[in-house]
Amino acid sequence: MRLHDLKPNPGAKHRRKRLGIGESSGKGKTSGKGHKGQKARSGGSIRLGFEGGQMPLYRQLAKRGFNNTAFKTVYGVVNIDDLEKRFEDGAAINEKLLRGSGLIKGTFDGVKVLGRGETTKKFHLEVDSISASAKEKIEKAGGSVTLTRKPETASGK
């Protein structure tokens, strides 16, 4: 077999239906768009939920319930193995240093350290939150953890 012998499997390729190519083509004249009207025009489409000027259903129904997402605390997450790769033994790590090293980017309410990976270095962390496994690993290696945010209770604040 050679390159010029290669062909797609039978039925794998289809001819594209060419719109507006004469009356007998099956899609001539109006090209399957019917007669006139908004949907027959170029660029003519109606937005999702539009009901022709009638009050749409999503506006007829009452707004119900409460959503707590506006009050959610969003953390920039860093794992122990990331700290192990980036920082030297005995480093004092805070949010400013993490942003400078590129480990966290964007807008967050605080920094949280998670326990993926192992460490042998003594890190001195100053973060907003830390998982129990991460705290155990840091302290086992001889490091220390200082929380800058008060831990939240089960009731919320």
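Student: What pattern does the chain follow when it is read along the sequence?

Tutor: Read in that direction, the chain follows α-β-α-β-α-β-β-β-α-β, which comes to 4 helices and 6 strands; helices here are DSSP runs of H or I with at least four residues, strands are runs of E with at least two, and both are numbered from the N terminus. This is a predicted model, in which local features need pLDDT of at least 70 and side-chain atom pairs count only at pLDDT 80 or more, while totals for chains, interfaces and linings use all residues. Residues are numbered from 1 along each chain as its sequence is written, and side-chain values use heavy atoms, with hydrogens and water left out.

Student: What makes strand 4 and strand 6 a pair?

Tutor: Two strands pair if DSSP finds at least two bridges between them; strand 4 (residues 124–127) and strand 6 have 4 bridges in the parallel sense, so by that rule they are paired. Within this pairing, Leu 125 stands opposite Val 145 in strand 6.

Student: Why are strand 2 and strand 6 said to stand at the edges?

Tutor: The open sheet has 3 strands in the order 2-4-6, with parallel pairing. Strand 2 (92–93) and strand 6 (144–147) each have a single partner strand, so one side of each is left without a neighbour in the sheet.

Student: What makes a set of residues a nonpolar core, and which residues touch the most other members of the largest one?

Tutor: Such a core consists of buried Ala, Val, Leu, Ile, Met, Phe, Trp, Tyr and Cys residues joined through side-chain atoms within 4.5 Å, where buried means under 20% relative accessible area, exposed over 50%, and partly exposed in between, with a 1.4 Å probe and protein chains only. The largest core has 17 residues, of which Leu 83, Ile 93, Leu 98, Val 113, Phe 123 and Leu 125 touch the most other members. Two or more residues come from each of helix 2 (80–86), strand 3 (110–114), strand 4 and helix 4 (132–140).
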